[in-house]
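Subject: Structure for you to look at

Hello,

I am handing over the structure we spoke of, and my notes on it follow below. Please read them with the model open beside you.

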Amino acid sequence: MNAYINAGTFFLATSVVVLIAILIFDLIVRYKVWEEIQKGNMAVAMSTGGIVAGVANIMHFAIMSNDSIYNTAIWGGIGTLLLLVVYFAFELLTPKLNVSEEIGKGNRAVGFISMIFSISFSFIIGASIS
């Protein structure tokens, strides 16, 4: 029975980290994530989906390399913050392209590359924290 409780606890704790990451992402981008998704803005959906998949992947690495909820949450939180830094670095390193503005306008190409950056860097971050 202990293994089931352990699995459930890790699931709940890491799910909270993913949800917090989504809330933070919604606060820091220049558009309202859920309003845009409700309107059918695929660029926002892809970019947000990339963050969700990226954070989930980071949490996967954190679970696999830690044996306590505390360490998993700490390393997962650090990894999540790094992923958000990558998102902003993407914005800063493309000065001719206003990433948030383009995603908010529905530019699917920018939403797609944002998603790919988030997922790709989640593997690098995950490997780094494990």
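The cover over the buried residues of helix H6 includes helix H3 (42-65), helix H4 and helix H5 (99-104). Please keep in mind that this is a predicted model. The residues of H6 that are buried are Val 110, Gly 111, Ser 114, Met 115, Ser 118, Ser 122, Ile 125, Gly 126 and Ile 129. H6 runs over residues 108-129, which is 22 residues. From its first C-alpha to its last it reaches 31 Å, close to the 32 Å expected at 1.5 Å a residue.

Two of the helices that cover H6 have their packing worked out.

H3 and H6: the two axes come within 7 Å and cross at roughly 5 degrees. An angle under 35 degrees counts as roughly parallel, and H3 and H6 are therefore roughly parallel to each other. By class, the residues in the contact of H3 with H6 are 15 nonpolar, 10 polar and 1 charged.

H4 and H6: here the axes come within 9 Å, and the crossing is at roughly 140 degrees. The crossing of H4 and H6 is right-handed. On the H4 side the contact is made by Trp 75, Gly 79, Leu 82, Leu 83, Val 86, Tyr 87 and Phe 90. On the H6 side the residues are Ile 113, Ser 114, Phe 117, Ser 118, Phe 121, Ser 122, Ile 125 and Ile 129. The contact of H4 with H6 has 11 nonpolar and 4 polar residues, and no charged ones. Ser 114, Ser 118, Ser 122, Ile 125 and Ile 129 of H6 are among the residues of this contact and also among the buried residues of H6.

H4 also packs against helix H1. H1 covers residues 2-28 and H4 covers residues 69-92; their axes are 10 Å apart, at an angle of about 25 degrees. That angle makes H1 roughly parallel to H4. Their crossing, too, is right-handed. H1 brings Thr 9, Phe 10, Ala 13, Thr 14, Val 17, Ala 21, Ile 24, Phe 25 and Ile 28 to the contact, and H4 brings Ile 69, Thr 72, Gly 76, Thr 80, Leu 84, Tyr 87 and Phe 88. Tyr 87 of H4 takes part in the contact with H1 and in the contact with H6.

As for H1 on its own, its 27 residues should span 39 Å at 1.5 Å a residue, and its end C-alpha atoms are 39 Å apart, which agrees. Its buried residues are Phe 10, Thr 14, Val 17, Val 18, Ala 21, Ile 22, Phe 25 and Asp 26. They pack against H2, H3 and H4.

Two single residues are left. Glu 36 lies in helix H2 (residues 33-38). Is Glu 36 buried or exposed? Its relative accessibility is 13%, so Glu 36 counts as buried. Apart from neighbours within four places in sequence, Glu 36 is in contact with Tyr 31, Asn 41, Val 44 and Gly 104.

Ala 73 lies in H4 and is partly exposed, with a relative accessible area of 30%. Ala 73 and Gly 49 are 24 residues apart in sequence, and their C-alpha atoms are 21 Å apart in space.

Regards

Notes: Residues are numbered from 1 along each chain as its sequence is written. This is a predicted model: local features need pLDDT of at least 70, side-chain atom pairs count only at pLDDT 80 or more; totals for chains, interfaces and linings use all residues. Side-chain values use heavy atoms; hydrogens and water are left out. Axes are lines fitted to C-alpha atoms, for helices over the stretch in contact, and angles run from 0 to 180 degrees between N-to-C directions. Helices (H or I, at least four residues) and strands (E, at least two) are DSSP runs, numbered from the N terminus. Angles under 35 degrees count as roughly parallel, over 145 as roughly antiparallel, 65 to 115 as roughly perpendicular and the rest as oblique. A crossing is left-handed if the near helix is turned anticlockwise from the far one by less than a right angle, and right-handed if clockwise. Contact means heavy atoms within 4.5 Å. The expected span of a helix is 1.5 Å times one less than its number of residues. Buried means under 20% relative accessible area, exposed over 50%, partly exposed in between (1.4 Å probe, protein chains only). Ala, Val, Leu, Ile, Met, Phe, Trp, Tyr, Cys and Pro count as nonpolar, Asp, Glu, Lys and Arg as charged, and the others, Gly among them, as polar.
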